[in-house]
Amino acid sequence: MTQLTALEFNIEIEKIYSKSELTVLKKALDFATLKHEGQKRKSGEPYISHPINVAGILAKLNIHYTAVAAALLHDVLEDCAVTEKELSDEFGEHIVELVKGVTKLGDFKFGSEKEEQAENFRMMFFAMSKNHHVLVIKLADRLHNMRTIEFLKPEKQKAMALETREIYAPLASRLGLSYIKCELEDRCFEVLESEDYKELLIHVDERRKKIDAVLKKIQSKLKEILISHKVEGKVTGRPKHLYSIYRKMFKKDDPKTIEQIFDLTAVRVIVKSVADCYTVLGALHDVWLPMKDRIKDYIAVKKSNNYQSLHTTVMTEFGMPCEIQIRTSDMHKIAEFGIAAHWMYKEKRTEATELDKSLAWLRYVTDVENTDSTSSVEFLEALKFDFSHKEIFVFTPQSKIIALPEGATPVDFAYRVHSAVGDSCVGAMVNEKIATLDTVLKSGDYVKIITAKNSKGPSRDWLRFVKTTQAITKIKAHFKKMAKTETIEMGRSMLEEEAKRRGYQISTLWQQKWLDDIMRRYMLHSVEDLYAAIGYGGVTVGQIIPKLIDLYKKHEKKQQSIQNFSGKAIETCRSIIVSGMEDLLVRLAQCCTPVPGDDIIGFVSMGRGIAVHRTTCSNLKSIPKERLIKTEWASANDDPFVVQLRIESRNTEGLLLKITTLISTMNLYIHSLNARSDKPGHGIIDIGIKVKETSQVEMLIRKIQGIPEVEKVFRS
């Protein structure tokens, strides 16, 4: 496929966007070109060709200009020496958030490549839940990478193709972007089953030549039917993509030979109104006999990606059955461009509420993402399961349509309606008859959930038969929360009692710098893990408290030997270089708690050495400039630093556990924590975290911001 050049891209966007929008797009192109200068792709082309082609894919969909600009810039944070602040100053916070949403987690260290991949997807869904343009950019990025995949090593090609087939192609399908989905699937097919691909390509070409003449007769007959029934419309035909044909041939319950597949070309009738759709359907069935169980009405019950159409397979007088799809022109736009149709044809833009409806499935994914019961890897595996199953459509008692994966049960239905309905479910009725909770639902079923206020919650037994990611994670979360909360409280109480028995307050011993040694020794990730380990007996208080007392005594002895000029202990910092001076007492200012990566400056204090502040610290405004001195971080620094965060949030049960668990998954440690309520229903959490660099702080802030209850989080 021909690659888009910068000149061709400029010509393309001038047809679509306004002058003010073009100004931003051309600025983004110039900025990306400059920053990627000298970089090459595996093909040997200048790297800028990639973001240009990604942006070109989006521009053809008439996507909002900020998303196209973000596509041009989507690799500058990851691959170039560009900071978020620099990008924000040039293009604004909205475009920066889009770029961050599609940027990999390159600054964070993971235990394995699989874990890193899973966390990248998890964060992508997080970003996508805030702005759906993120996924469209990511799909365009993957589409262009698949178009140029031949320049990668064979093992890399297979890994990318497998990931694309399992995640990106189903995502494109969920968004209704059929042309992206079909191309992704065909390119994966060519890589993963290359011999089958080549052979099928030859057979399909031969088969199409044989049936093309018949298809032309069928299309001609369809045009006559439209005229005779005075319906204005058009008849089109488009070859089906290879991978869909391949799947039909190797379908487990109904395999076919190439000679048995008659819908190698999709025949469509595009009309003006819904009424015309049903008129044409009736007319077709008057002329040709419909095949049993091959009539599907996706207009009355549309798919979750908003797809609507009538499908019928008829036996023609030309000796060949033919599948015909009937839809309106608006339905056709949705069928071809899915979510992107909401941004196309500006004079007919759909209301935001309609767009939200088409993305309803995303709420379930992000709801699962925020559940503590699943790791990133578990989340990704569950997502693959959901994507690999066909959808069924069932009805609530109010006749609302609920889409579920094939094999779903009343419990899956209950959790899809609402988490509280699932937790309080005690029975179900399917089609007005009492049904067991493990009943497999079918399309068209009416389902009513029986709930009880005094229900004790979900049963562990449900995990044997539920199918949806949402139900599985909510049930697991319920039991994990119950078990862990009880175990943590037990461990905390046992530690406090043992410390008191030995004559110490636990708060005196409970210092993060000493806990770090304990965590490393017993391979624990957080204080909560330590409490839990003690609670269930994995670690004893007799192992922990004596060690903490020993560390406390050593600390007290050391502090007495490090006195400042007034006799008070002073913290020294060996990770900072003071311009032109050596052997000075250097300490980090507690007002702004700088960490490696922050821009810093020193303040010459009277009798207390150098106090190091962030250059943005508000306290510097009142300090005379002559008492400021240039300072910088030492190039090699492994010492952790404490950074203070303030979190403002709604008061909800389990919020603190969510935050501390999140910190634990990042392998960070809590230095201090103070949670309080400042007004009814609202709380403030001040938390000190030990970090080694600012990227860890930025990553943590982004993740905490993604928790629904959190209103604001910032360095204090």
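User: Happy to look at this predicted model with you. Why does Tyr243 count as buried?

Analyst: Tyr243 has 10% relative accessibility. Buried means under 20%, so Tyr243 counts as buried.

User: What makes the pair of Tyr243 and Tyr246 stacked?

Analyst: Good one to check! Their ring centres are 6.1 Å apart, and rings pair if their centres lie within 6.5 Å. The planes are at 25°, and planes under 30 degrees apart count as stacked, so the pair is stacked. Both residues belong to helix α13 and are three residues apart, which means they are separated by about one helical turn.

User: Why is the pair of Phe189 and Tyr246 called tilted?

Analyst: Here the centres are 4.5 Å apart, with the planes at 35°. Stacked needs planes under 30 degrees apart and edge-to-face over 60, and the rest count as tilted, so this pair is tilted. It links distant parts of the chain: Phe189 is in helix α11 and Tyr246 in helix α13, 57 residues apart.

User: How do you know whether Phe189 and Tyr246 are buried or exposed?

Analyst: Phe189 has 0% relative accessibility, and Tyr246 has a relative accessible area of 15%. With buried meaning under 20%, Phe189 counts as buried, and Tyr246 is buried too.

User: Which residues form one aromatic cluster?

Analyst: The cluster is formed by Phe189, Tyr197, Tyr243, Tyr246 and Phe250.

User: What makes Lys27 lie over the face of Phe91?

Analyst: Lys27 is at 5.2 Å from the ring centre of Phe91. The cut-off is within 6 Å, together with an angle within 35 degrees of the ring normal, and Lys27 is assigned to the face of that ring.

How values were computed
Residues are numbered from 1 along each chain as its sequence is written. This is a predicted model: local features need pLDDT of at least 70, side-chain atom pairs count only at pLDDT 80 or more; totals for chains, interfaces and linings use all residues. Side-chain values use heavy atoms; hydrogens and water are left out. Rings of Phe, Tyr and Trp (its six-membered ring) pair if their centres lie within 6.5 Å; planes under 30 degrees apart count as stacked, over 60 as edge-to-face and the rest as tilted. Helices (H or I, at least four residues) and strands (E, at least two) are DSSP runs, numbered from the N terminus. Buried means under 20% relative accessible area, exposed over 50%, partly exposed in between (1.4 Å probe, protein chains only).
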